[in-house]
Amino acid sequence: MEYYPDYTRTRLEQLERKIGNLIYGRRCQPLELLVSPEAGRISCEEAKKLPYRPASLGEQFGPDFATFWFKVKFQVPQEFAGERVDLLWGSNSEATLWIDGRSIQGLNQEPNGARLDAVLLKHARGGELLDLQIEMACNRYFGAVKSPVNHISPYLLDQCEIAVFDQQAFEIYHDLCVLRELEKEQLKDLDKTWGGKLLYELNRFANTFNPDDRSTWQEAHQILKALYNNRNGTCTHELSAIGHAHIDTAWLWPLAETYRKCVRTFSTATNYMEEYPEYRFACSQAQQYKWIKQRNPDLYERIKACVKKGQFIPVGGTWVEPDCNIPSGEALIRQFLFGQRFFQEEFGIRCQEFWNPDVFGYNGQLPQIMRECGIRRFLTQKLSWNRFNKPHHHTFIWEGIDGSSVITHFPPTDTYNGCVSIEELRNSGRLYRDNYRSRHGYLLFGHGDGGGGPTKSMLERLRRVRDLQGVPRTAQRTPTEFFDLLEKDCSDWVRKVGELYFEYHRGTYTTQAATKRGNRRSEQLMHELEFLYAMGSTDAYPREKINSLWETVLINQFHDILPGSSIDLVYQDAEKDYARIAAEGGKLRDAALSTLAGDGQELRVINTTPFARREVVQDASGSLRYVEAPSYGIGTEAKCPDMVTLTESSDGFILENAHLRAVLDKGGNLLSLLHKESGRESIAGPSNQLLIYDDKPTNFDAWDVDPFHMETETLCPAAHSSEVVSRDPLKVAVRFERKIGNASSMTQVVSLAADSCRLEFSCSVDWRESEKMLKVAHTVNVRAMEASYEMQFGIAKRPTHFNTPYDLARYEVPGHRFADLSEPGFGVALLSESKYGYSAHGNVLRMSLLRAPKYPDATADIGHHQFSFALLPHCGMLEESNLVVAEAIAFNYPLLLTNGSATPGSFAQVVSGRLVLDTIKRAEDSDDLVLRLYEPLGHRGVAQVRLAGRITQATYTNALEEPTEPATVKDGILEIPYRPFQIITVKVSKEAGQ
């Protein structure tokens, strides 16, 4: 043989294609091919009742997300007797094969992911009549397809036939594919001796194999088989593989389509498991299992059977794969609580790993939340996308802000949609950043995002690389098997402490503001419902209704819904969901309030927060009242110790009470905010500055805010009108009318209430901009190297400078109800009731208010918005008291007003210590009370908690409400030791709490 490798490689590639075409040689056309009118997303049984007409190859279908059902009849030719017979279907769309009312397999056609074949008969007799139904969805893995300029529909029916499957051609084809790809790796770093042998033997195969002479096939095939006898050395990278589909619960398609993606994907997976007993498929998201259970019980039973065999692996332990920046801490616990309980009840499985590979950052309390929910391992890969600082490790211990830790692994191939190419398999070892400490990596393979999962070609490749020289030693393993190997093998573990900040997709803290507001309001409503009913009669506890509402909240926290990165259809659904939660939850809340307040017409104030409150409220008639209410209790009207004044001049307005003196000019600029207790001026420059930015990211419109947006800052014009709208001694307010950007406007009301420590800004915006971003900025009289941002059950500290690439990467960060700048003796907090995007540079605190991206939803954020923020000056550093935490909670939870005769008093309160009593609810499996507390700012101590009535028995539990150890009760008061940022769950028996 002369050496001409380029010619040889081209020859082999062409031969590979020819052999691929031999897999289905003999074919047969249908006796009958009928199609329904556009049908919508209906069941198979409903589809049988539709009218049908003849269809033909070459016919186009649409529009996007339309559905058509086909009836197809074949008669198997006698010459097919004894052979395996497969369906070949091509509609350039997603489709499902149904036989006798059962979903058999998905049929998908994508440029890089065709799945056109499905087994119909393993051993044909010849002459059989086959009656099939095929459900065609006018969408693909990634949703709708942009039609070409000529407006021809992309959903084209171009294949419908049955064919004889040639097993020998199939095996030769896959043997050649793997070896040919491996040989090409010598152009990179494959051992040249091994690469040379591969090229020589493959050339010899090409000389021997004649596609038209079957007598040459066996000899040629033996040449390929012999190459597979070349094994790896003693020490090599060990790769565990797991099938995966990562079905986004919504993204470029609506929730209704996700169910069908699940049907297609899960039907295919269970179908393939019969042919490939070594096949392991990991699937997260309990919600998706529940859809199948409710709507396709036959498929669900197949899934359960495969779970029992250890092939279909429930993973993750959450209801959906949630965003981890925006949901509250309690909502994240409920993701695990609902998910783990579902998997336990349905499959007898407790997930040990949090499976969340595609989320835009991971807050620093997740390790503790995981451990509290039975999770001790974590898998993701998203941080491989970081733009400034790539992760230093693929395998490490992740330690949360409280000290809890989990074993963490990032698959070295940096994808959750592996294709099992030789290049990808070799990259796992080549790119693994921990080879010096560990030799194990994980490969997640299969078509994902839009579902689909592994193909037979992927499974065939894995069979061939179990131990092939030059390729990591590879086997399919479950997550438990992989992590067990990893833990035994890895040495000198490194630790990563605190949040896993994602240096990308920072726009997701702000995009789709209405959805984020709906989420915050829904989380608050669920908090109120659970407390109100926990304090009432156990007979009236609407457990099923509350859990149903929670499930809707949790679905919408999926990592492409809540962050704002889905199409408009998804947000139409979310708007309806939040409206339903508000309506149904509101009725439940009103009923509970009525029961708690009792009969009578006296004003009663219900405080659903963990801090005692004295503040101004507005009653049903619009009158202002000063009220007081204890922690988690019932209060009444009280005498106000203060009055607020408003002074207007030609230059502006002065709003003043016993705590604050605010000066605003006629343009709405805040010029001064004097904090009387400290005597400190809070403002170091004009504040309440509305800023517009060009917002045209280089990629990922809805996801990203690129750093150069900071260079385009433009100050919005001053207000063109101002008017005093309230001069009541209990509350004063000034309204400002502003023009924003090119076509938008804002009405802003700045108010100060008697006895209040915070200055509030209520905004109503008509937002009509395109590719712009709106922020508000406050220049505060504080010098701090770090800003503190509230996060789930704690705070995250981040730099106020750009000293290092890690600092610069955090030019936009997530936060919850407040951001704070403090120095010894004094600080200023910016409070939010529905915003999550912040930035702090120097002494300027900015809150991101609105965006206007154009993809994937061209109408994102366009329309009317209402939101509020507040400034809260305070004595001392943030950590010196729970004042900022208490004020932020109060700003988000208005007191509830009703009429009744109930005796004022507290149902629950922390009487000493720094714990926050975040949640009071009924236990999942009993009428016991469950208390969830956390330490918010980094303190250590012992807290005392009192409930109405004496506590005689209490038990610590994990977040799944499983007992861990007895709690201490002294003189009817619960004593709880705590450490910095600890989350604590206590179960109190019904008798003890009454």
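Mentor: Contact here means heavy atoms within 4.5 Å. Keep in mind that the model is predicted. With that cut-off, Lys545, Leu549, Thr552 and Val553 in helix 15 meet Asp577, Arg580, Ile581, Glu584, Gly585 and Leu588 in helix 16. Sorted by class, the residues in this contact are four nonpolar, two polar and four charged.

Two packed helices are described by the angle between their axes and the distance between the axes. Helix 15 covers residues 543–555 and helix 16 covers residues 568–597; their axes come within 10 Å and cross at roughly 155 degrees. Angles over 145 degrees count as roughly antiparallel, and the crossing angle therefore makes helix 15 roughly antiparallel to helix 16. The crossing in which helix 15 passes helix 16 is left-handed.

In helix 12 (residues 456–464), seven of the nine residues are buried, so the helix is largely enclosed by the rest of the structure. The buried residues are Lys456, Met458, Leu459, Glu460, Arg461, Leu462 and Arg464.

A hairpin of six residues joins strand 50 to strand 51. These two strands run antiparallel, with six bridges between them, and strand 51 spans residues 929–934. Within the pair, lysine 921 stands opposite valine 930 of strand 51.

Elsewhere, six strands form an open sheet with antiparallel pairing, in the order 33-32-38-45-44-41. Strand 33 (714–715) and strand 41 (813–814) are at its edges; each has a single partner strand, so one side of each is left without a neighbour in the sheet. Inside that order, strand 32 (residues 689–694) pairs with strand 38 (residues 772–779) over six bridges, in the antiparallel sense. Tyrosine 693 stands opposite methionine 773 in strand 38.

Last, a loop residue. Asparagine 230 is found in the loop between helix 5 (217–227) and strand 13 (238–243). Its relative accessible area is 17%, and buried means under 20%, so asparagine 230 is buried. Leaving aside neighbours within four places in sequence, asparagine 230 is in contact with Trp194, Lys197, Asp467, Leu468 and Gln469. Tryptophan 194 lies 36 residues away along the chain, and the C-alpha atoms of asparagine 230 and tryptophan 194 are separated by 9.1 Å.

Key:
Residues numbered from 1 in each chain as written. Predicted model: local features only at pLDDT ≥ 70, side-chain atom pairs only at ≥ 80, totals over all residues. Heavy atoms only, no water. Axes fitted to C-alpha atoms, helices over the stretch in contact; angles between N-to-C directions. Helix = DSSP H or I, 4+ residues; strand = E, 2+ residues; numbered from the N terminus. Parallel < 35°, antiparallel > 145°, perpendicular 65-115°, else oblique. Left-handed = near helix turned anticlockwise from the far one by under 90°. Nonpolar A, V, L, I, M, F, W, Y, C, P; charged D, E, K, R; others polar. Pairing = 2+ DSSP bridges. Buried < 20%, exposed > 50% of the residue type's maximum accessible area, 1.4 Å probe, protein only.
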